[in-house]
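Please read them alongside the model.

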Amino acid sequence: MAAVNPFLAATIALLPALAVPLWFAQRNSLADRLVAVQLATIITSVALALMSFAFDQPSLVDLPLTLAFLSLPGTLLLAIFLERWM
């Protein structure tokens, strides 16, 4: 039996942590939902970066970096638009 890649094991260990932002996004107020989106983005970015090393494709690190850099401005724009209409 082949040994498990430590990067893949770390990615799998991060997946249950996505349950917390999903629960907050379903149950709480709008401000808590926006924070939950940011938390889910951070966890997803780290998981994607770990997966790029787990599958020995370091060029795929660009995807989680782009997600991390664009998530904050996107969430702020969403908050501005929601503030106007709600």
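1. The backbone oxygen of serine 71 is 3.2 Å from a polar atom in the side chain of glutamine 38. A second polar contact, at 2.5 Å, joins the side chains of glutamine 38 and threonine 75. Polar contacts here are pairs of N or O atoms within 3.5 Å; within protein, one must be able to donate a hydrogen and the other to accept it, and residues adjacent in sequence count only if both atoms are side-chain atoms.

2. On provenance: this is a predicted model, in which local features need pLDDT of at least 70 and side-chain atom pairs count only at pLDDT 80 or more, while totals for chains, interfaces and linings use all residues. Residues are numbered from 1 along each chain as its sequence is written, and side-chain values use heavy atoms, with hydrogens and water left out.

3. Glutamine 38 belongs to helix α3; helices are DSSP runs (H or I, at least four residues) numbered from the N terminus. The residue is buried, at 18% relative accessible area (buried is under 20%, exposed over 50%, partly exposed in between, with a 1.4 Å probe and protein chains only). Setting aside neighbours within four places in sequence, glutamine 38 is in contact with Ser71, Leu72 and Thr75, contact meaning heavy atoms within 4.5 Å.

4. Helix α3 (residues 30-54) and helix α4 (residues 62-85) have axes that come within 9 Å and cross at roughly 170°. That makes the two roughly antiparallel (over 145 degrees; under 35 is roughly parallel, 65 to 115 roughly perpendicular, the rest oblique). Axes are lines fitted to C-alpha atoms, for helices over the stretch in contact, and angles run from 0 to 180 degrees between N-to-C directions. The residues making this contact include Gln38, Thr41 and Leu48 of α3 and Ser71, Leu72 and Thr75 of α4. By class, the contact has 13 nonpolar, six polar and no charged residues.

5. Helix α1 (residues 6-14) packs on α3 at about 160°, with the axes 8 Å apart. These two helices are therefore also roughly antiparallel. Phe7, Leu8, Ala10, Thr11 and Leu14 of α1 meet Ile43, Val46, Ala47, Leu50, Met51, Phe53 and Ala54 of α3. Eleven of these residues are nonpolar, one is polar and none is charged.

6. Leucine 14, in α1, is partly exposed at 23% relative accessibility. Residues up to four places away in sequence aside, leucine 14 touches Ile43, Val46, Ala47 and Leu50. Its C-alpha atom is 23 Å from that of glycine 74, which is 60 residues away along the chain.

How values were computed: Ala, Val, Leu, Ile, Met, Phe, Trp, Tyr, Cys and Pro count as nonpolar, Asp, Glu, Lys and Arg as charged, and the others, Gly among them, as polar.
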